[in-house]
Amino acid sequence: MTGAPLRSLTILGGRDKAGRPEVGEVTLRAGDVACIVGPTGSGKSRLLADIECLAQGDTPSGRRILIDGAEPETALRFAAHRKPVAQLSQTMTFVVDLTVGEFVAMHARCRGVPDPGSRVPSIVAAVIAGANDLSGEPFGPDDALAELSGGQSRALMIADTALLSASPVVLIDEIENAGIDRRRALDLLVGEEKIVLISTHDPILALLGQRRLVIRNGGIAEVIATGPDERASLEILARLDRALLDLRERLRAGRRIDHLPDWPALLGIDKERETTPWTP
Ligand SMILES: Nc1ncnc2c1ncn2[C@@H]1O[C@H](COP(=O)(O)OP(=O)(O)OP(=O)(O)O)[C@@H](O)[C@H]1O
């Protein structure tokens, strides 16, 4: 654990793959969500890895990461239990022979949750409830960890990271196809005053963040603040997304999709005033 709460994380720019300097400085504060966007191979994972290891000019990018405006002490970089950064990777496979309840209780004890006798059962219940809120398929404490679906595993790790991990910085490598409610996942993490960085191409996630770091050829080329027009678009995208989720749920439940939603009504488009006919 890191002790005092972390207030800010600063990325001091290094160089791109061609050795050119990138955007000089980006500071994120507790409760901030920043998205990392860029083409395949542009260096998104490199940036996450630089933050994860609290790079000090000793990685290919030459970036330096500051905690609360200062270079982190060496122990913070190399002692696993004191690391301020948690990373949720794209694939989540459990290979231990434990139930969900046993695993979360064990993690709670490792994380030093005080008085295991009374606190652990309630924190286990809170983590499982949080995970069930994110994934469409509920599971319980007696279910085997190894038998959880991809979406359930991912939801469990997000709830576990939000509620149990002491790490104030959370790095997420793409959660778009994980079958979980992405907005709730972010709310859960941000509600705990974490700094969240997500590598994503999902328009909803991208617009939910306050900023987007655009990566090109290995460097941060631009920092885009989410503007008011984009926030308005987010509401429409969220409606579309809910409608698509509904259709997915129907399919999951073995039902038919004979009728599609009334899209113009759903998106708040006034049919009377529409002048340009839409053609597929
Ligand atoms: N600034 C840099 N200087 C030197 N090498 C870099 C830099 N940034 C990234 N790289 C290297 O470029 C390669 C591709 O980067 P990375 O895997 O981070 O891309 P990505 O955007 O995450 O790709 P994908 O979307 O396919 O996962 C890696 O080998 C990485 O170490």
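The following dialogue explains how to read several features of a predicted model.

Colleague: Which conventions apply to this model, and how are residues numbered?

Modeller: Residues are counted from 1 along each chain, in the order in which the sequence is written. The model is predicted, and local features need pLDDT of at least 70, side-chain atom pairs count only at pLDDT 80 or more, and totals for chains, interfaces and linings use all residues.

Colleague: Into which domains is the protein chain divided?

Modeller: Domain bounds come from an automatic or database domain assignment. Here there are domain 1 (7–84 + 167–226), domain 2 (92–166) and domain 3 (234–268). The centres of domain 1 and domain 3, taken over C-alpha atoms, are separated by 32 Å. Their contact takes 4 residues from domain 1 and 4 residues from domain 3; two residues are in contact if their C-beta atoms, placed from the backbone, lie within 7 Å.

Colleague: What classes of residue does domain 1 present to domain 3?

Modeller: Ala, Val, Leu, Ile, Met, Phe, Trp, Tyr, Cys and Pro count as nonpolar, Asp, Glu, Lys and Arg as charged, and the others, Gly among them, as polar. On the side of domain 1 that touches domain 3 there are 4 nonpolar, no polar and no charged residues.

Colleague: In what order do the strands of the open sheet lie?

Modeller: Helices (H or I, at least four residues) and strands (E, at least two) are DSSP runs, numbered from the N terminus, and two strands pair if DSSP finds at least two bridges between them. The open sheet has 6 strands in the order 5-6-7-3-8-9, with mixed pairing. Strand 5 (85–88) and strand 9 (219–225) stand at the edges with a single partner strand each, so one side of each lacks a neighbour in the sheet.

Colleague: Which strands run parallel, and which antiparallel?

Modeller: Strand 5 and strand 6 (residues 169–173) pair in the parallel sense over 4 bridges, with Leu-88 opposite Ile-172 of strand 6. Strand 6 and strand 7 also run parallel, joined by 5 bridges. Strand 3 pairs in the parallel sense with strand 8 (residues 211–216) over 4 bridges, and Val-37 stands opposite Val-214 in strand 8. Strand 8 and strand 9, by contrast, run antiparallel and are joined by 6 bridges. Their hairpin has 2 residues between the strands, and Asn-217 takes a positive phi near 50° there.

Colleague: Which residues surround the ligand?

Modeller: A residue is near a molecule if its C-beta atom, placed from the backbone, lies within 6 Å of it. Here 15 residues surround the ligand, and the closest are Gly-43, Ser-45, Arg-46, Ser-61 and Gly-218. Helix 1 (residues 44–52) provides the largest share of this shell, 3 residues. By class, the shell has 1 nonpolar, 9 polar and 5 charged residues.
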